[in-house]
Amino acid sequence: MKSLEEFVELLSGKFDNSRQFQEMCRSGKEDFPFARHINTVCNEKIKNLPQPFEGIFLVEESYYTVKEKTHGSAHLFLFTQEQETIKLTSYELPEGCEKSTFTFDSMEEVDYMQLQVSRKFTPAIYRKKDGVWEGGSVSMFSPVLRFTLFERFSADKLEVTETMEVNGKRTFGYDEPILYERIPGNADR
């Protein structure tokens, strides 16, 4: 479980890509987003976890601003250790919650038995390679909608590449990964 705790510690906190965003703006790439992540462990808000429970639930709040328009999206993930790998399983948000407004702060206590694994998202698998965790998955959200996730996590940054394709044509994503850096002094909420 030590690897799982190390992995989740890398992900927990507040992050943004302000340095990368400023560089992109200077080079004329105005469609590249200013992006923020707020990642918070939330096991204490989930009652009736099976005992012993060796997974870690995390709320990921994502905010993307392009041309002064911000889009928010939240996710509930479960991280588990499976031998030398870490598995990310996506869960549906608790009933009555919306991706655009859900946050750790707004999350009310929820019963573990009421949580549902996302049927659309293929669990992502991460392996540690040369001190950096990397991995991802490919999910078919519908017969024509493909979501590809690839991530690299280190103490220095979170590197995230996400693309969506409809019938093989990219409808979301960027040519370069988004490079998130931890916001100093904001390790916790």
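**Note on the predicted model**

1. R119 is exposed, with a relative accessible area of 84%. This is a predicted model, and every value below is computed from it. R119 sits in the loop that connects β7 (110–111) with β8. Its C-alpha is 9.6 Å from that of S139, and 20 residues separate R119 and S139 in sequence.

2. S154 is also a loop residue, placed between β10 and β11. Buried or exposed, then, for S154? S154 counts as buried because its relative accessibility is 17%, and the limit for buried is under 20%. Leaving aside residues up to four places away in sequence, S154 touches L10 and V132.

3. β8 and β9 pair antiparallel over five bridges, with K128 opposite W133 in β9. Two residues lie between the strands of this hairpin, and D130 takes a positive phi near 55 degrees there.

4. Two of the bridge pairs can be named: M140 has R146 as its partner in β10, and G135 has E151.

5. β10 goes on to β11 through another hairpin, also of four residues. Nine bridges join these antiparallel strands. Which residue of β11 is the bridge partner of L149? The partner of L149 is E162.

6. The largest nonpolar core has 28 residues. Within this core, F7, F79, Y126, F153 and Y180 have the most contacts. α1 gives the most, with five residues. In soluble globular proteins, nonpolar side chains tend to be buried together.

7. Y126 can be taken as an example from that core. Not counting residues up to four places away in sequence, Y126 touches F7, E84, T85, I86, L88, W133, E134, G135, G136, L149, E151 and F153. Two of these contacts, F7 and F153, are themselves listed with Y126 among the core residues with the most contacts. G135 and E151, both touched by Y126, are bridge partners of each other.

8. A further core, of 17 residues, lies apart from the largest one. Among its members are Y91, F102, F104 and Y112.

9. The largest pocket has a volume of about 960 Å³. Its lining comprises 36 residues, and those nearest the centre are S73, H75, K99, F141 and F147. The elements giving two or more residues to this lining are β2 (34–41), β4 (56–66), β5 (69–82), β6 (85–91), β10 (145–153) and β11 (158–166). By class, the lining holds 21 nonpolar, eight polar and seven charged residues.

10. How many cavities of 30 Å³ or more are there? The count is one. The largest cavity has a volume of about 50 Å³, and its lining is made of V160, T161, E162, F172, Y174, E176, P177 and I178. Five of these are nonpolar, one is polar and two are charged. β11 gives the most to this lining, with three residues. E162, the bridge partner of L149, is one of the lining residues.

Notes:
Residues are numbered from 1 along each chain as its sequence is written. This is a predicted model: local features need pLDDT of at least 70, side-chain atom pairs count only at pLDDT 80 or more; totals for chains, interfaces and linings use all residues. Side-chain values use heavy atoms; hydrogens and water are left out. On a 1 Å grid over the protein atoms alone, a cavity is a set of points where a 1.4 Å probe fits but cannot get out, and a pocket is an open set with protein on both sides within 12 Å along at least five of seven lines; lining residues have an atom within 4 Å of a point. Grid points are joined across faces, edges and corners, and a volume is the space filled by probe spheres set on the points. Ala, Val, Leu, Ile, Met, Phe, Trp, Tyr, Cys and Pro count as nonpolar, Asp, Glu, Lys and Arg as charged, and the others, Gly among them, as polar. Buried means under 20% relative accessible area, exposed over 50%, partly exposed in between (1.4 Å probe, protein chains only). Contact means heavy atoms within 4.5 Å. Two strands pair if DSSP finds at least two bridges between them. A nonpolar core is a set of buried Ala, Val, Leu, Ile, Met, Phe, Trp, Tyr and Cys residues joined through side-chain atoms within 4.5 Å.
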